[in-house]
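Colleague: Can you put the model up? I'd like to go over the ligand and the open spaces.

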Amino acid sequence: MIILGIETSCDETAASVVDNGTVILSSIVSSQIEIHSRYGGVVPELASRKHMEAIVAVVREAIKTSGIEPEQLDAIAATRGPGLIGCLLVGFSFAKAFAFGLGIPFTGVNHLEGHIHSVFLEPDPPPFPFISLLASGGHTGVYLVTSHTSMELLGQTRDDAAGEAFDKVAKMLGLGYPGGNIIGKLAEKGDPSKIDFPRSYLDKSGFDFSFSGIKTSVSRFINTHSAQYKEMMSDIAAGFQESVVDVLSYKLLLAAKEKRCEHISIVGGVAANRRLREKIKNDAGLSGIKVHIPSPAICGDNAAMIAAAGYYPLINGGFRDLSLDVFSRAL
Ligand code: KG4
Ligand code: ZN
């Protein structure tokens, strides 16, 4: 089954053609970062307009580079939510109209289930059940995944998402938006043990997260070292990153042990972080747990993961529900 995936939940207009939910024939991601970076974050109204401008060209490019003709598409899957309503509506409405025009099934995909499916686009996907840590700019949660269509949220952030904390710390340090990648690179030049930022485990036996405290600690450090902090940027980045990575790794492995899962995955934009990948591989290795991490290109928002997640409901039912609506918050 050849599926066209469409993703427009935030600031990336993406389209992808995926075969049988596992093989990427094409994946096009058109980022709006340049437009939003001057405002220090995503401006929803601007983002919707940019999706409108980009969607036709992005879909056309995805079909062209996949080497298939539009008539060879078997179904279309588009992100339904969570995300920015105006943005979601662009991709979702386009997908419905295109599916209707081609006379093929259409389904809506939960963006978070999309991220979790990114590991199925890699050669060695995890067997069920497995634990997945989803860490992105909008969400941070730990899931028990028992099938392609059933995943239980075990715990999530009570305030900021992990990626949001990276973005906010980058902003405090004057490093630009989005900051995750910039902090990650800067941290590689720093010493994580120079500044001991606190670890926020909350209840050490639970799976909820909190990242607003670490953000405040970094802000306080900058304020109390206003004369010297510019010379300490890489150590601040490394210390902050280590604090976030320690907590993410701890909770992920705790969940794997408690739920007796031998396989874990990390997905979402933050899963591209080198230190997080290294730390989780190392910690899991010590416990005999196998880690599955998608390549950095499919950690961030993309449409291949949406086509991959849409494949399973589509093969089971062949939806054609054009009355489906989008949603802004996690269902
Ligand atoms: O999954 P994603 O592309 O979009 C959402 O669904 O939110 O995640 C974007 C987030 C941003 O907060 C970005 O700063 C963060 O992922 N990010 C990183 C890295 N690359 C992207 N965070 C830490 N280290 C990275 N290398
Ligand atoms: Zn995402």
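Colleague: How far is Gly180 from an oxygen atom of ligand 1?

Modeller: A polar backbone atom of Gly180 lies 3.0 Å from an oxygen atom of ligand 1. That is a polar contact, meaning a pair of N or O atoms within 3.5 Å; within protein, one must be able to donate a hydrogen and the other to accept it, and residues adjacent in sequence count only if both atoms are side-chain atoms. This is a predicted model: local features need pLDDT of at least 70, side-chain atom pairs count only at pLDDT 80 or more, and totals for chains, interfaces and linings use all residues. Residues are numbered from 1 along each chain as its sequence is written, chains are lettered from A and ligands numbered from 1 in the order in which they are written, and side-chain values use heavy atoms, with hydrogens and water left out.

Colleague: Which side chain is 3.0 Å from a nitrogen atom of ligand 1?

Modeller: That is Asn273, through an N or O atom of its side chain. Ser136 has a polar side-chain atom 3.5 Å from an oxygen atom of the ligand.

Colleague: How much of ligand 1 does the protein bury?

Modeller: The protein buries 85% of the 550 Å² that ligand 1 exposes when taken alone. Those areas are from the Shrake-Rupley method with a 1.4 Å probe; for residues, only the protein chains shown count as cover.

Colleague: How many residues surround it?

Modeller: The shell around ligand 1 has 19 residues, with Gly137, Asp167, Gly180, Gly269 and Asn273 the closest. A residue is near if one of its heavy atoms lies within 4 Å. Five of the shell residues are nonpolar, twelve polar and two charged. Here Ala, Val, Leu, Ile, Met, Phe, Trp, Tyr, Cys and Pro count as nonpolar, Asp, Glu, Lys and Arg as charged, and the others, Gly among them, as polar.

Colleague: Which element gives the most to that shell?

Modeller: α5, with three residues. Helices (H or I, at least four residues) and strands (E, at least two) are DSSP runs, numbered from the N terminus.

Colleague: Pockets next. Which one does ligand 1 take up?

Modeller: Ligand 1 takes the space of the largest pocket. To sit in a pocket or cavity, more than half of a molecule's atoms must lie within 2 Å of its grid points. The grid is 1 Å, over the protein atoms alone: a cavity is a set of points where a 1.4 Å probe fits but cannot get out, a pocket is an open set with protein on both sides within 12 Å along at least five of seven lines, and lining residues have an atom within 4 Å of a point.

Colleague: What volume does the largest pocket have?

Modeller: About 1600 Å³. Of its 49 lining residues, Ser136, Gly137, Gly138, Asp167 and Tyr177 are closest to the centre. α5 supplies the largest share of this lining, six residues. Points are joined across faces, edges and corners, and a volume is the space filled by probe spheres set on them.

Colleague: And the second largest pocket, what is its volume?

Modeller: About 420 Å³. It is lined by 23 residues, and Asn110, Leu112, Glu113, Met151 and Phe327 are the closest to its centre. β5 (106–110) gives the most to this lining, with four residues. The lining has twelve nonpolar, nine polar and two charged residues.

Colleague: How many cavities of 30 Å³ or more does the structure hold?

Modeller: One. The largest cavity has a volume of about 30 Å³. Residues lining the cavity include Pro198, Arg199, Phe211 and Val247, and helix α8 (residues 233–258) gives the most, with three residues.
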